[in-house]
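Here's a quick briefing to read with the model open beside you. Have a look around first, then work through the points below.

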Amino acid sequence: MRPLTLRCLLLQCLILLMILFVVVVVAMKFGAVPVSLYAFGRDLLRFLFGQTSQISSDYGLILWNIRLPRILLAIIVGASLSVAGTSFQALLRNPLADPYVLGVSSGASVGAILALIAAPYFALPPVLSALLTPLGAFLGAAATIAAVYFLGRREGQIDSNTLLLAGVITASFLSAIIMFLMTTVTSGNTRGMAFWLMGNLSTSYQKSVFWFLGIGFFVAAGAIYTTATDLNLLLAGEKEAMHLGVDVPRVRLVVYIAASFLTGLAVSVSGSIAYVGLIVPHVMRLIFGSDHRTLLPTAALGGAIAVVFADTLARTVVAPTELAVGAVTAVVGAPLFIYLLRRGAS
Amino acid sequence: MSSGSALSRNPSEASRSGVDPRLSVEQVSYAYSANPSQAPLFTLEATSFQAKPGELVAILGPNASGKSTLLKLIAGALAPLSGRILLNGFVTHSLTPRTRAQRIAVVQQESLLLFPSRVWEFVLQGRHAHGRSLRFESDDDVMIAKNALAQVGAADLSARSMDQISGGEKQRVILARALAQQPLLLLLDEPTLHLDIAAQVDLLHTLRRLAAENRYTVVVVTHELNLAAEYADQVVLMQRGRCLRVGPPSSIYQRELLEQVFQTPLTVELGPSGRPRVTVLSDRQ
């Protein structure tokens, strides 16, 4: 009988942080423009020691102004989607719940597109105008998960299969809306259909957006983390959790809002990247167990690793042409989804 | 430290509760309707009984007689339409979920697991209400969980996975989790369901012992008339949402009364322990 300790948790996170660092270094080296290992290592050391002025300007531009921001974006998006997936799985008591499968990502996309279309009509200062997209995505995500939740109920209980079907149907309905909006209401600033349907990390953003994403992630993920032990008990059902002392309505509300926010955050900057919220929590559960005090931080780090890795593949496999990162995650995620579905059925 | 003392509460609370009845169900009624504008589908008429620390109360009655509803009301999961339920002077429904879980432990019919955990992890869940939301389990929590497992005779299961133990073992582990809550009141909804006869006797025997050792008040909903007669101090007899009678088994176990409630011919005689024993008569006799 050895319960989880803080030291054990920190150790697990440290290991994942080191893996993330290695993946980030690899992701910075590989790309359409080859960077020699020696030059990269030299520049990396110079960067780490604050001697950025000595870095050659070509490499510097590619490494620090193009690749690094994109990697940072991948880290935040991956972590957000994984934490959202983990939360939805606990909240809906369904191991197959994931923002993409449940249509929440598509809902966030619709919200973001509507916000982009509507933005010019409000005379907002640029800073607020930039926040309109994630806000729209959050509202879209929250409305979708609420709809799927009610469609997935049968006789007052959440039915696992009905819920998944409701999610799949909602996702396809919302995809149709996305296509409709993209074909009919083109305002030139809506990033293209492939972005919203398959996900893409190639858009460059201003520094302020990164601050917003980073702070938003830590606030929402932190809020979910305060309910970590409650989520452990919720896995056994709401009634049982209540009898063990969980304030079920409060936990449900906190997790529902924060997970929708994280999905909206990720989708507003990268579109719908598939299955990350499904695969990563499952792998982490296999390695570290299903205690949410461990699962939430390890899933966040694992999600960051997975998306940085997937994006590196997307950039390099058929370079200089780029794949959508969502295509890479779907190729891995869809078979795993089928496997989990079959295992659950038996 | 003996396992009994580790699970008992502080002495001041025990002595205070020794004066008054610990559990007091006062004229409690309830109505359930699917739609507020429609007539209720089910009603529970005013029900009253009291139970002291160390007592085992059995709620008996045919299906749909309101047994489980009464248990949910006592647990504070439902709000009564009228009347009130007091546990050591506090209205159970008004307590916060956390405070309620520190005083009342509920063992339900089924405990489903989405991701199976180890037995000891499952029992440690009982400590949730005693800690802050994000803390890690202390040595005391581990000790209490170990003692709880030992008290139900399941110490050897500690390292096993919850999906690899038998139904009887699982029921004992679920009971251990309830004990780890260190409650004043232990509520069980048909705990003997799906158990073989030896496991049923074993469970009731354990409950009887725990009630005496830890001064728990135990309320059990059950269909097992003979087990209830053997182990209960008080029986609450229910029929179609009405509480017909409350009292010791000897006063409740009367042939005419039980035949009328359960709608089947039966005989009642005294068993070797001096407690009543029911035999259901089939048509062939």
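How many bridges join β9(B) to strand β10 (residues 242–247) of chain B, and do the two run parallel or antiparallel? There are five bridges, and the strands run antiparallel. Keep in mind that this is a predicted model.

**Around β9 of chain B**

- Strand β9 spans residues 234–239 of chain B, and five of its six residues are buried, so the rest of the structure largely encloses it.
- β9(B) also pairs with strand β3 (residues 56–60) of chain B, this time in the parallel sense, over four bridges.
- If you want a landmark for that pairing, take Ile59(B), whose bridge partner in β9(B) is Val236(B).
- Over on the β10(B) side, Arg242(B) sits opposite Gln239(B).
- β9(B) and β10(B) make a hairpin with two residues between the strands, where Arg240(B) adopts a positive phi near 40°.

**The open sheet in chain B**

- Four strands of chain B line up as β2-β1-β4-β5 in an open sheet, with antiparallel pairing.
- At the edges you'll find β2 (42–51) and β5 (90–91) of chain B, each pairing on one side only.
- Further in, strand β1 (residues 23–32) of chain B and strand β4 (residues 82–87) of chain B are antiparallel and share five bridges.
- One spot to check there is Glu26(B), which has Arg84(B) as its bridge partner in β4(B).
- Helix α3 (residues 67–75) of chain B packs on this sheet and touches β1, β2 and β4 of chain B; the helix direction makes about 120° with that of β1(B).

**Where the chains meet**

- On the chain A side, 27 residues are in contact with 26 residues of chain B.
- Two elements of chain A give two or more residues to that side, namely α9 (228–234) and α10 (238–243).
- α9(A) supplies the largest share, with five residues.
- By type, the chain A residues that touch chain B split into twelve nonpolar, nine polar and six charged.

- The average pLDDT of chain A is 86, and 95% of the residues score at least 70.
- Helix α13 (residues 292–316) of chain A has the highest confidence in the chain, at a mean of 94, while strand β2 (residues 157–158) of chain A has the lowest, at 72.

Conventions:
Residues numbered from 1 in each chain as written. Chains lettered and ligands numbered in written order. Predicted model: local features only at pLDDT ≥ 70, side-chain atom pairs only at ≥ 80, totals over all residues. Contact = placed C-beta atoms within 7 Å. Nonpolar A, V, L, I, M, F, W, Y, C, P; charged D, E, K, R; others polar. pLDDT = per-residue confidence, 0-100. Buried ≥ 20, exposed ≤ 12 C-beta atoms within 10 Å, placed from the backbone. Pairing = 2+ DSSP bridges. Axes fitted to C-alpha atoms, helices over the stretch in contact; angles between N-to-C directions.
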